[in-house]
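Please view the sequence and the structure below before reading on.

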Amino acid sequence: MMLRDLCDLFDLKQQSDPNAIPPRYWCRMSVGFEVTVDLDGTVVSCIPLAADGAKRLPKFVVPMAYVTRSGQKPAPGFLCDDAQHVFGVGKNKFRDELRQMHLSLAEEVLSGVDDDGARAYLRMLHHYGSGVLPRSCVEAMGEDAPPGSAGKDNPNLKSNIVFRLLADDTLLHDRPAIANAWNDHARSQEWQSDPGACLVLGKVAPKAKLFPQVSGLAGAQSAGAALISCNADAFSSYGQKIATVGSISQEAAEKAGGALNYVLKDDEHHMRVGDDHVCYWADSSDPAIDECLVLFFDPDGIQEDVKTRDAVQDALVKMSRGLPPAQVPPDTRYFVMGIAPYQARLAVRFYQVGSFGDLERNVTQFLRDTQMDGVKFCSLKRYLEQTAVQGDSKNLPKSLTTSCVRALFNGSAFPDALEREIILRMRADHGTKNLWDMGRRAAILKAYLLRKYRSGDTGCGEDTERRLTVALNEENENQGYLLGRLFALLDKVQADAIGDVNAGVRERYMGAASTTPARVFPQLLRMAQHHISKSEWGGRIDTLVQRVLSKVDDGGFPRTLSYDDQGEFYIGFYQQREALYKKSDKSDKTTDTNTAEGNE
């Protein structure tokens with residue numbers, strides 16, 4: 001099913017946007033140099049294609065002569081190859097054989113082609129003997145080390161080269177006669193493989209020997225990683241051979257591999273969450289649908305300018321109110337795949353297909369669940385980063401990604417591990433990294449609790465909806481929420497009395513206050529009396545403290561708080577603190593609690 005959907009994406013892009021994915025028998029490769037050839041096969045010039053200071057090389061759509069390239073005798077390319085194969089230079093002891101392999105492939109494809117570019121290319125290969133690098137190439141790439149000398153090989157000699165004909169200034173691989181000759185050759189080579197029933201396309205076709213690799217993914221080998229591969233006798237059941245990739249045809253493998261490379265390397269079709277890559281696309285060529293998918297999955301990735309970011313935030317606000325961001329047919333299908341690179345292989349963590357209408361409803365529900373006063377709407381990815389040490393996505397717990405993304409798609413409850421990891425981070429850094437992080441942590445804790453009790457059988461869903469509101473809820477009598485509010489008031493009165501200190505109430509007592517309140521709060525209340533007498537707003541805060549204390553259970557402060565109550569503790573702490581620091585209405589000059597100190 002997944003491979004079939006990728007093949008459908010390939011066919012869709014070939015019809016609507018042929019430049020998005022290279023056609024069959026072609027691929028997109030990095031190229032470092034362009035060599036211009038005269039009609040007699042003389043190399044006229046060699047131009048480096050990398051911009052000054054740029055690390056990335058430009059990519060060209062060139063013939064796909066090989067799937068993988070490794071070992072001492074790597075497979076040759078066609079009209080896009082390195083100097084080792086084209087001119088037989090470098091430190092590889094098999095460089096003469098590499099050049100002969102390249103020459104044999106070129107003659108096999110081009111020998112009967114009536115084209116000036118084909119004849120010029122073959123003349124060039126015969127004109128320069130093995131180990132002879134044209135003068136213009138030496139100037140562009142650097143001198144080649146003598147054979148057998150010590151030291152590393154010149155890296156420029158391993159960079160791909162494309163060729164241009166001087167007579168009409170066209171790239172050889174773009175010339176129609178040469179392109180058609182390559183397609184015919186590749187098709188004939190494909191049918192030399194054993195035919196078999198393809199379970200993806202539902203027809204008899206040549207079997208695939210190797211699945212196209214995806215390169216450039218962190219965590220995978222530099223040479224690339226494959227979605228499907230086998231390397232043991234255990235995979236040879238039912239007459240299969242290790243050299244074939246199951247019951248998959250070469251056509252299906254190339255289409256699925258091309259589509260997978262496209263979604264993994266296009267910023268509008270994937271996002272990275274920790275070590276995983278989440279890819280998404282739709283069965284429509286409408287660009288508005290792609291824009292909506294980016295808005296749903298990775299709105300934070302849109303960083304063009306302030307105006308664009310404001311427009312994205314406005315769209316998210318509209319969605320939270322139930323208004324669709326664009327007129328998209330609700331029955332449009334979307335596809336989401338989570339991929340994790342493991343050396344030479346790609347592991348599929350999850351794959352889901354659904355309707356656009358369901359996705360829109362679930363994303364809207366997520367925005368409503370995470371809505372919090374003072375916190376801007378953002379993607380699930382940004383919330384998950386709050387569970388990582390130092391907010392670095394590289395430190396994101398791997399167990400969270402799959403289950404949290406599924407909860408977003410299905411509108412179901414988040415895993416319990418999400419609450420524990422957020423609370424762990426709050427205890428570890430006391431929420432002092434910045435209030436922006438604290439707000440997001442409170443927001444995702446609120447979403448976790450809402451979904452947990454909404455989907456549970458306890459019948460507490462409606463009560464939780466009433467308690468956990470967007471802003472401070474003075475009617476919420478949950479003991480964890482009340483103690484969080486009380487802790488925020490005690491922290492505020494200390495800050496008013498003595499200003500910033502290296503180790504204040506929050507830094508010293510937040511973790512203990514949220515887990516064992518009975519051991520901490522009596523001491524904090526005694527300390528607060530001294531601070532209240534010095535604070536400019538001590539009288540008003542003392543009134544708020546007494547109001548909160550009146551709602552604490554008659555038995556006194558609880559000895560411990562459960563994880564859910566700890567979650568409400570941090571929500572109450574943030575919301576009370578946000579209410580204390582919120583800017584006052586300029587027309588209201590009489591309310592002490594609305595006097596502004598500025599948003600933090």
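A residue counts as buried under 20% relative accessible area, as exposed over 50% and as partly exposed in between, with a 1.4 Å probe and protein chains only. By that cut-off Trp281 is buried, at a relative accessible area of 1%. The model is predicted: local features need pLDDT of at least 70, side-chain atom pairs count only at pLDDT 80 or more, and totals for chains, interfaces and linings use all residues. Residues are numbered from 1 along each chain as its sequence is written, and side-chain values use heavy atoms, with hydrogens and water left out.

**Aromatic pairs**

- Rings of Phe, Tyr and Trp (its six-membered ring) pair if their centres lie within 6.5 Å; planes under 30 degrees apart count as stacked, over 60 as edge-to-face and the rest as tilted.
- A search of the whole structure finds 16 aromatic pairs.
- In one of them, the ring centres of Trp281 and Phe335 are 5.5 Å apart with planes at 15°, so the pair is stacked.
- This pair links distant parts of the chain, 54 residues apart: Trp281 lies in strand S13 (residues 276-282) and Phe335 in strand S14 (residues 333-342).
- Phe335 is also buried, at 3% relative accessibility.
- Phe487 and Phe521 form an edge-to-face pair, 6.4 Å centre to centre and with 80° between the planes.
- Phe487 belongs to helix H16 (residues 479-498) and Phe521 to helix H18 (residues 517-534), so that distant parts of the chain, 34 residues apart, are linked.
- Helices (H or I, at least four residues) and strands (E, at least two) are DSSP runs, numbered from the N terminus.

**Packing of H8 and H10**

- The axes of helix H8 (residues 287-297) and helix H10 (residues 356-370), lines fitted to C-alpha atoms over the stretch in contact, come within 11 Å and cross at roughly 30°.
- H8 is therefore roughly parallel to H10, a class for angles under 35 degrees on a scale from 0 to 180 degrees between N-to-C directions.
- In contact (heavy atoms within 4.5 Å), Ile289, Cys292, Leu293, Phe296 and Phe297 of H8 meet Phe356, Leu359, Glu360 and Val363 of H10.

**Positive phi angles**

- Tyr25, although not a glycine, has a positive phi of about 75°.
- Tyr25 is buried, with a relative accessible area of 8%, in the loop between helix H1 (2-16) and strand S1 (26-30).
- Gln343, likewise not a glycine, has a positive phi of about 55° and is found in the loop between S14 and strand S15 (345-355).

Definitions and conventions: Parallel < 35°, antiparallel > 145°, perpendicular 65-115°, else oblique.
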